[in-house]
Amino acid sequence: MDVAALNALGFEDFVAIFGNVVEKCPLIAAAVWSRRPFDNFPALEAAFSEFIDALPNSGKEGILRCHPDLAGRDLQSGTLTPESREEQARAGLDALNSAEASLISQLNQDYKRRFEFPFVICAKMNDKATILRQLLERVGKDHAEERECGIEEVKKICHLRLQALMLHKL
Ligand SMILES: NC(=O)N[C@H]1NC(=O)NC1=O
C-alpha cells in the first residue's frame, strides 16, 4: 500500500488493520485515524507516539496494563494476540525449561507487586537472557522512571508491528 491508499482508508478498515499496533488498545488507532492525511509512514508512527506521549500517567499505565505477561498465563493457555504470540516466540519464551519459567513468573509477580503494571519489553529486540537481566534491573527502578521505560518499549513494539503491516498487509 502506498501513502495515498493509507490515507484513503475508511475508519473501520483503518482500525481493523492498525487496531493492535498498540496491544489491545484499538482506541489509539481510532484516535490516530483523525490525524490523516499522513505525509508518509513515519508520520503515521509519529501520530501513535504523540498520542501516547500526550496521555496522563494513568493512561500510560493503562496501556502497560493491556500487555500480557511475558511467558505468562496467556502464553500457556494460547490466548495471546497473534502479534504477541509471535513476539514472545521470537524471544524463545515459548520454550523455557521449568526453572526458567518459574524464575520469570516470580520476577513478573515481584515487578507487578511493586509497580501495579506488568513488565513490558520489546521481545523481538531481546532474547530470554536479556529479558531476564532487564527484569532484574528494572524492578529496582523508581516508579515514574519505570513507567517511562515501559512506554518506550511499547513504542518499539509499535514500530515493529507497523513495519510488519507495511511489508506484509498493506
Ligand atoms: N509484557 C510484555 O512485554 N509483552 C509484550 N512484549 C512484546 O514484545 N510483545 C508483548 O506482548
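This is a predicted model: local features need pLDDT of at least 70, side-chain atom pairs count only at pLDDT 80 or more; totals for chains, interfaces and linings use all residues.
Residues are numbered from 1 along each chain as its sequence is written, and side-chain values use heavy atoms, with hydrogens and water left out.

Let's start with the ligand. Which residues are around the ligand? They are Pro68, Leu70, Ser84, Glu87, Phe119, Val120, Ile121, Cys122, Ala123 and Ile157, where being near means having a heavy atom within 4 Å. By class, that shell has eight nonpolar residues, one polar and one charged. Here Ala, Val, Leu, Ile, Met, Phe, Trp, Tyr, Cys and Pro count as nonpolar, Asp, Glu, Lys and Arg as charged, and the others, Gly among them, as polar.

Now for the polar contacts, meaning pairs of N or O atoms within 3.5 Å. A nitrogen atom of the ligand lies 2.7 Å from a backbone N or O atom of Pro68. For Phe119, a backbone N or O atom is 2.9 Å from a ligand nitrogen atom. Ala123 has a polar backbone atom 2.8 Å from an oxygen atom of the ligand. On its own the ligand has 290 Å² of accessible area, and the protein covers 100% of that (Shrake-Rupley method, 1.4 Å probe).

Where does the ligand sit? It sits in the largest cavity, with more than half of its atoms within 2 Å of the cavity's grid points. A cavity is a set of points, on a 1 Å grid over the protein atoms alone, where a 1.4 Å probe fits but cannot get out; lining residues have an atom within 4 Å of a point. The volume of the largest cavity is about 120 Å³, taken as the space filled by probe spheres set on the points. Its lining has 14 residues, and Leu70, Ser84, Glu87, Ile121 and Ile157 are the closest to its centre. Helix H7 (82–90) gives the most to this lining, with three residues; helices here are DSSP runs of H or I, at least four residues.

Finally, the backbone. Most residues other than glycine have a negative phi, and most peptide bonds are trans. The Arg36 to Pro37 peptide bond is cis, with omega near 5°. Lys24, not a glycine, has a positive phi of about 55°.

How values were computed:
A polar contact is a pair of N or O atoms within 3.5 Å; within protein, one must be able to donate a hydrogen and the other to accept it, and residues adjacent in sequence count only if both atoms are side-chain atoms. On a 1 Å grid over the protein atoms alone, a cavity is a set of points where a 1.4 Å probe fits but cannot get out, and a pocket is an open set with protein on both sides within 12 Å along at least five of seven lines; lining residues have an atom within 4 Å of a point. Helices (H or I, at least four residues) and strands (E, at least two) are DSSP runs, numbered from the N terminus.
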